[in-house]
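Grab a pencil and let's work through a few exercises together. Try each task yourself before you read the solution.

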Amino acid sequence: MRWLGIGTVYLQMQKVSVLLFLAWVCFLFYAGIALFTSGFLLTRLELTNHSSCQEPPGPGSLPWGHRGQPGACWMAARFSRVVLVLIDALRFDFAQPQRSAEPPASLPFLGKLGSLQKILETQPHHARLYRAQVDPPTTTMQRLKALTTGSLPTFIDAGSNFASHAIVEDNLIKQLNSAGRRIVFMGDDTWKALFPGAFSQAFFFPSFNTRDLHTVDNGILEHLYPTMDSGEWDVLIAHFLGVDHCGHRHGPHHPEMAKKLSQMDQVIQGLVERLENDTLLVVAGDHGMTVSGDHGGDSELEVSAALFLYSPTALFPSTPPEEPEVIPQISLVPTLALLLGLPIPFGNIGEVIAELFSGGKDSQPHSSALAQASALHINAQQVSRFLHTYSAATQDFQVVELRRLQNLFSKASADYQWLLKNPQGAEETLKTVAAELQQFLRGARAVCIEFWARFSLVRMAGGAALLAAACFLCMLASQWATSPAFPFYSLLLIPVAWGVAGAMVCAALLATTGLKLDVVVLAAVAAVGSLLPFLWNAWAGWGPGRPLTSLLPIPRPILLLLLIRLAAFFSDSFVVAEAKATPFLLGSLILLLVVQLHWEGQMLPPKLLTIPRLGSSAPTGLPRHSGTYALRLGVGLLLCTRLAGLFHRCPEETPACHSSPWLNPLASMVGGRAKNLWYGACVGALVALLAAVRLWLRHYGNLKSPEPPVLFVRWGLPLMALGTAAYWALASGADEAPPRLRALVAGASAVLPRAVVGLAAAGLVLLLWRPVTVLVKAGAGAPRTRTVLTPFSGPPTSQADLDYVVPQIYRHMQEEFRGRLERTRSEGPLTVAVYQLGSVYSAAMVTALTLLAFPLLLLHTERISLVFLLLFLQSFLLLHLLAAGVPVPSPGPFTVPWQAVSAWALMAAQTFYSTGHQPVFPAIHWHAAFVGFPEGHGSSTWLPALLVGANTFASHLLFAGSRLSTAPALALPV
């Protein structure tokens with residue numbers, strides 16, 4: 001595989017042509033990605049319709065004759081006030097009553113909400129605990145949207161979790177404002193973006209800093225009880241974040257979680273004591289959390305949240321069941337709306353909790369059943385109206401399903417109307433009608449879930465095909481770069497013109513047929529329209545006499561391995577087990593390389609190229625290694641791969657798997673001695689990483705030059721390691737710091753990471769300024785030192801300039817010392833010693849990767865330093881293994897063998913999993929956004945997104961640099 005930006009490319013094409021070609025290739029990739037994601041990350045139409053008291057949800061009289069009366073609306077209000085306590089990430093088992101006296105020590109979160117259990121036992125007709133089933137994605141913004149609109153989030157919504165926008169759909173907050181209710185809010189500032197200007201009084205606190213367990217909760221407690229006692233509110237919302245942040249930082253099994261839950265228990269007790277008879281208390285979790293404390297996916301622990309309802313007056317006719325009932329979380333929306341005498345939000349698809357409308361323990365069975373049926377009927381009318389309006393605006397639902405649901409609703413509604421005309425109907429008939437209405441509501445919700453989560457396979461397949469074609473084009477272009485006569489410029493103009501014309505024709509057809517113009521489809525049409533003519537013209541210009549195999553210069557075993565990995569991505573089981581399959585493929589490739597070297601007898605020495613003396617033309621011979629050299633390298637690589645596999649995070653689809661405890665931060669450890677030992681191991685890994693890089697550079701003579709980049713490697717890298725170790729010490733013991741030193745610790749926690757990043761940036765700038773440093777010593781008497789920076793100045797003027805830099809450095813040295821040679825000829829020969837030529841390229845790349853590794857390491861937990869050490873060891877071993885068996889190519893641009901490309905790609909994927917990542921929302925390391933910014937980023941979103949992205953793709957960034965260093969490292973003595 002050839003480099004487009006190096007070699008004869010610059011001799012064959014003008015700079016403008018190169019830039020245009022690369023821009024066109026980028027457009028092809030972006031068009032393919034956009035087409036694929038438009039079929040995978042589906043969105044749904046958000047209707048702006050709103051419910052109102054003046055417009056009933058359907059035909060027929062409302063129960064008890066209340067039509068548009070103040071305070072009654074669709075149904076008579078049962079409560080005039082409500083207190084909503086939202087405990088973020090309150091998993092159901094956190095609130096589940098405990099039958100045993102003492103929960104096990106390994107589960108410190110059990111039994112900490114004892115006030116709920118006490119209320120359920122002493123006042124069974126006043127309270128209920130439900131297991132709320134949450135719809136994924138289980139991220140906070142999407143759950144808040146569902147808890148106020150009664151609708152379902154789609155997959156694309158998860159990307160907006162930290163860039164929330166105001167809700168345009170009908171929701172409970174808007175209905176409360178329309179009814180003139182006073183809403184007081186305190187807590188998570190996500191509500192500020194979702195409902196701007198909707199609260200009569202609000203106390204917002206920053207929510208993004210998951211390391212801060214107390215700021216939001218303490219701020220709420222400062223205002224909660226005084227606000228309740230003032231009575232100047234109708235709806236009081238308190239959104240606590242401490243439990244969620246504790247899960248992110250420590251996990252649910254940490255003793256700190258028990259403290260947080262105990263604090264929430266005291267809050268609930270204080271609220272219960274202050275409740276009046278006309279007030280309903282709702283305690284709810286927006287989602288759950290995994291065993292590691294994360295959320296965002298659809299595992300059982302993430303979609304299981306607690307929902308607790310309590311009123312000082314009796315609510316339920318019967319006692320709670322032995323096992324709490326499982327209900328959809330969005331059922332809370334229509335239930336609260338009718339209990340408060342409000343219209344149900346227009347887009348709600350939730351089902352009311354019918355037993356809340358039974359009238360209490362003293363109500364008659366017949367009147368209780370009729371009240372439940374009335375609430376269900378109003379709910380069914382509202383959902384039927386929504387389905388009719390939504391289906392008229394979009395084509396998401398199938399006609400057959402809509403007709404089936406309509407028939408079901410018509411029958412249930414007719415039966416209900418008959419009951420209203422015959423009020424003395426049997427109680428069993430009332431239960432039958434209620435069951436029919438519930439069947440309709442649940443069927444409507446199931447249909448919405450099915451069609452809003454349905455992927456567009458056509459778009460996904462088209463996007464994947466376009467991406468594959470773009471990759472094939474890049475591979476072909478890498479081969480065409482070696483052909484001076486290949487007409488890039490002329491081949492690019494005509495296809496681009498065809499692509500633009502195709503997009504214009506497609507837009508005209510869509511406009512004439514009245515269909516909506518889709519920018520993604522137009523971009524895909526333009527990409528395909530330009531790609532096909534380009535490939536056709538390239539095929540025609542390739543020449544009939546040239547073999548087709550030259551288009552695919554990939555060795556067959558490597559090609560087979562790549563095809564197996566590509567095909568495996570279409571298997572669900574492989575995606576789940578990719579963390580195990582990738583090391584297996586990498587180990588197979590390493591064994592293949594070792595066996596191939598022995599089988600084909602290609603073992604070469606570490607110095608692949610012996611540069612002749614000045615004026616000499618014959619290279620020296622190439623002695624061969626012993627057969628154990630490649631075997632030792634292969635065993636070392638396999639050992640590093642195996643050790644890296646000890647750091648793994650289990651996917652949520654494999655509950656029997658146990659994640660490595662070494663991925664957790666040191667701050668989550670209990671026990672000072674164990675924490676200190678691990679801290680010493682992490683610092684030892686950091687020192688070993690730095691020592692390995694310095695020893696490698698020293699071994700190849702790259703620490704002898706007095707140039708600034710070399711001096712920075714000597715002194716700057718130890719300073720970066722010291723700053724990293726100091727930051728780890730502060731981060732792991734911040735909670736244990738004395739109160740008088742906490743401000744100092746917080747300041748140092750912000751300064752140290754920024755200092756390390758600043759040093760890394762300075763080192764990279766120096767390296768860009770002086771990338772090639774070659775130390776030359778010459779003298780007939782006293783030695784003199786001269787640093788040759790570049791082999792030639794200005795643009796390359798010949799093929800020789802592009803072959804190898806090392807021969808040009810010798811040529812430059814000859815010119816530099818020609819005058820001195822003439823002057824000293826009578827005194828004897830002039831001795832010239834040159835250092836660093838053997839690793840003139842690879843030294844610069846290794847230095848750059850090391851500088852980049854320190855900031856990336858800061859974004860991970862401390863014990864990931866061991867993985868980074870293994871990463872660099874793997875890189876060095878693989879580099880030497882590849883260099884041991886790849887012969888020096890003929891003059892021309894550098895060549896990267898496909899064995900190296902495949903190995904680097906597999907190692908990047910393997911390290912991605914070894915650093916604790918998984919391709920799912922719960923595995924995103926949000927804590928990386930606060931490294932160097934412990935107080936948050938204010939309203940900025942791009943910087944935390946950059947930090948989290950760098951954390952997620954750290955292995956790919958580092959191994960991409962390793963791939964860049966492969967070609968020169970293989971072409972020169974390493």
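A residue is called buried under 20% relative accessible area, exposed over 50%, and partly exposed in between (1.4 Å probe, protein chains only). You're looking at a predicted model, where local features need pLDDT of at least 70, side-chain atom pairs count only at pLDDT 80 or more, and totals for chains, interfaces and linings use all residues. Residues are numbered from 1 along each chain as its sequence is written, and side-chain values use heavy atoms, with hydrogens and water left out.

**Exercise 1.** Work out whether Pro153 is buried or exposed.

Solution. Start with the number: Pro153 has a relative accessible area of 10%, so Pro153 is buried. Next, check its contacts (heavy atoms within 4.5 Å). Leaving aside residues up to four places away in sequence, Pro153 touches Asp135, Pro136, Pro137, Gln142, Arg143 and Ala146. Now pick Arg143: it sits 10 residues from Pro153 along the chain, and their C-alpha atoms are 7.9 Å apart.

**Exercise 2.** Classify the ring pair Phe195 and Phe199.

Solution. First, the rule: rings of Phe, Tyr and Trp (its six-membered ring) pair if their centres lie within 6.5 Å; planes under 30 degrees apart are stacked, over 60 edge-to-face, and the rest tilted. That rule gives 16 aromatic pairs. For Phe195 and Phe199, the centres are 6.5 Å apart and the planes are at 75°, so you call the pair edge-to-face. Both Phe195 and Phe199 are buried. Finally, zoom out: ring pairs join Phe185, Trp191, Phe195, Phe199 and Phe204 into a cluster.
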